[in-house]
Amino acid sequence: MIQEIVAGFSMGCIYALAGFGFVLVYNAVGAVNFAHGELVMFGGYFGYAFSTHLGMPLWLAFVVTLLAMAILGILFNQVAYLPIRSRPVSTVIIASIGMSILLRNSALAIWGPDPLKLNSFLGDSVIKIGAAVISRHQLLIFAVTAFVFTGQSLFFSRTAIGRKLQATAQDQEAAKLMGIKVTRMINLTFVLAAFLAVIAGFLVAPLWFLDPEVGLAIIVKAFIAIIIGGFGSIPGLVVGGIFLGLTEVLVASHLTSEYKDVISFFILITVLMAMPQGFFGEKIAEKV
Amino acid sequence: MHNLFKNLSSFALVLCLVLIFAVTSLAKIKVGVISSQTSGLAILGQRQINAAILAAEEWNEKGGINETKIRLIIEDSSDKTTTAVTALDRVLGKNVCAILGPIYSFQLFAMFPEVKKEKIPMLSTSGTRKLTQMDNRWYFRTYPHDGITKQACTLYAVEELKSKRPSLMSVTTEYGKSGYEIITNILKAKGIAPVAETWHEKADKDMTGQLMRIKRSDPDIIISQAHPSDTAIVLKQQRDLGIDIPHMASSAASMPSVHKLVGEAMEGVYVETVTLPNFDPDPNIRAWTKKYIEKFKKKPDSFALLYYDTANFLFEAIKAVGPNRTKIRDWLETTRYKGLAGQYRFDQEHNGAFFAIIVQYHIKDGKAVPELKKKYDFTPK
């Protein structure tokens, strides 16, 4: 059982990390960015390209990937959000789906269909703790998740830039009147989301491998975690992710692997019927 | 007068272009190629298209088929049945005489009604057993079906590795379900029941639940059937979780791209496959592999080699009877063909290949190197 719990937690942390950029953009500008999974995928692919093709050490590849993804985040904002932000929500959603298809097919054209593996910062080795086997990479996932979610809380509450971002998220007009450069803040939000995508990409790629479909796979799971946790809620995202990860692994191990997803989705629907707002959020109907 | 001259000139120009187009079109033997060029399924599809291109180019370098060049009409079937059927429509619209089809059975099933209606020979390297049990005289399989490969891997597990407590891991696609049925039937005939049976989705990224279920049942072997990405995840996680029993993996585990993902965990893994183009000592296969790598900058897999044989088999048929659909079908039904990978001869159901091999991989200098363990030949007498 310990083994399954470790794996479930690890998957849950991945869902939460992948969903964080999505929630950040949603909270800041109200945009539902379905291309965030592809940004996670590109974070992993850039890391692979810099470390494997250009021979950079992994830490340097990570730094360069952050820079590359910052540019991609700004481009994304300038192309797929800023010009249409005053249009209906459905237009923004469709633009993000369009970007998702564009990024997926770009990845296929650049890196091909073969799955690729990005190495972990801590290698492939495992540690035995009692009956459980934990890979060093899983420990890294736990540590990074704790760091990112604690760090974001401090960033948004204790730093001037974090407070400006919060002000922009709450009321763009009021923020503008207070002298905050709203467009710059929106750009920064997309850059931060891209940074989170890089972190998620570097943690996902050694386990899930990189292929042009991995972004879609991850955003579907992250989206479920977001809904279970409460749309827009950061603590809810973490709890929702871990809940989903644990459910999947425990159902596959102890109930049925064939109908694992059916049962997981059934549990999701049951949770939403009992708590329409998710664990921590507002009613879903009010958001979509 | 000037206008009349101008109009006539324009008309003549258009007519010339139409005639040139018509002549160049007519002067080629058109063969359709439908395979996945996009989506995650392109991992197999692109190599197959490459193999068909290689075969056609070789024929064209020698002057084509009976002095007529081959023109491949290539369409993408992506990862959906709808895309595959649209690809078929496009290819049929170009008036092809035969089609090299996709590997994925769910796409082939969707295409079959139109293939039968249009009476067009279609050849492909899919393994799903049921494909040739659907009374479709226009479909020809040039890859050993699951009944062959799954028989080989199950027999090897039971007879050579002396397994008494096998466990099964299967993907929920048609391929996995068909293979599961065959394996369990063979085990049943041997008086053996699997101690654990697990299923996973093709897109699943974590198999801890399934592997822990297997671990608790204390099996003496895992027999898995999966596609490339999930095969890599299963093999890697089995090693990570310390489940130290033999693993008999399906043919995806013979792909070089999978070896890169699995790394050291390929050590000791048994794989059922058909050929090993990157390790075969046969000089002809070695030369072909070298040529393939030089042209496409990628290593071929067994599916690509058999697709190359398939394309050549089809071109031989066209050479013998011309680009006539019915004659091509009849010729294929009655003719043996010796390809690079082996002998092909279609049975009543249109299964054309009956050979399989079991290999075991070992890590040497960081690379997965196969060791041939046993050859199986189930060719009907």
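A crossing of two helices is called left-handed if the near helix is turned anticlockwise from the far one by less than a right angle. In this predicted model, that is how helices H5 and H8 of chain A cross. H5(A), which covers residues 136-158, packs against H8(A) at an angle of about 160 degrees, and the two axes lie 11 Å apart. Since angles over 145 degrees count as roughly antiparallel, H5(A) is roughly antiparallel to H8(A). On the H5(A) side, the residues that do the touching are His137(A), Leu140(A), Ile141(A), Val144(A) and Val148(A). They meet Ile199(A), Leu203(A), Pro206(A) and Leu207(A) from H8(A). Sorted by class, this contact has eight nonpolar residues, one polar residue and no charged ones.

H8(A) also turns up where the two chains meet: helix H8 (182-208) is among the elements that give two or more residues to the side of chain A that touches chain B. The others on that list are helix H1 (2-29), helix H4 (89-111), strand E2 (132-135) and helix H10 (234-255) of chain A. H10(A) provides the largest share of this side, with six residues. Overall, chain A puts 30 residues into the contact and chain B puts in 29.

Six of the eight residues of E1(B) are buried, so the strand is mostly covered. E1(B) has strand E2 (residues 69-76) of chain B as a parallel partner, and eight bridges link the two. Along this pairing, Ser35(B) sits opposite Asp76(B) of E2(B). E1(B) also runs parallel to strand E3 (residues 98-100) of chain B, this time with three bridges. There, Gly32(B) has Ile99(B) of E3(B) as its bridge partner.

Further along chain B comes an open sheet of seven strands, with mixed pairing and the order E7-E6-E8-E9-E10-E13-E14. Strands E7 (196-200) and E14 (367-377) of chain B are at the edges; each has a single partner strand, so one side of each has no neighbour in the sheet. On average, neighbouring strands here are turned by 20 degrees against each other, ignoring direction. Within the sheet, strand E10 (residues 270-273) of chain B is antiparallel to strand E13 (residues 355-364) of chain B, and four bridges join them. One of the residues involved is Val271(B), whose bridge partner in E13(B) is Val359(B).

Helix H7 (residues 208-216) of chain B touches strand E6 (166-171), E7 and E8 of chain B, and its direction makes about 175 degrees with that of E7(B). H8(B) touches E6, E7, E8 and strand E9 (247-249) of chain B, and its direction makes about 175 degrees with that of E9(B).

One loop residue here deserves a look of its own. His227(B) lies in the loop between strand E8 (221-225) and helix H8 (228-240) of chain B. Setting aside neighbours within four places in sequence, His227(B) is in contact with Val171(B), Lys202(B) and Ala252(B). Asp79(B), 148 residues away from His227(B) in sequence, is 13 Å away in space, C-alpha to C-alpha.

Methods. Residues are numbered from 1 along each chain as its sequence is written. Chains are lettered from A and ligands numbered from 1 in the order in which they are written. This is a predicted model: local features need pLDDT of at least 70, side-chain atom pairs count only at pLDDT 80 or more; totals for chains, interfaces and linings use all residues. A residue is buried if 20 or more other C-beta atoms lie within 10 Å of its own, exposed if 12 or fewer, and partly exposed in between; C-beta atoms are placed from the backbone. Two strands pair if DSSP finds at least two bridges between them. Two residues are in contact if their C-beta atoms, placed from the backbone, lie within 7 Å. Axes are lines fitted to C-alpha atoms, for helices over the stretch in contact, and angles run from 0 to 180 degrees between N-to-C directions. Angles under 35 degrees count as roughly parallel, over 145 as roughly antiparallel, 65 to 115 as roughly perpendicular and the rest as oblique. Ala, Val, Leu, Ile, Met, Phe, Trp, Tyr, Cys and Pro count as nonpolar, Asp, Glu, Lys and Arg as charged, and the others, Gly among them, as polar.
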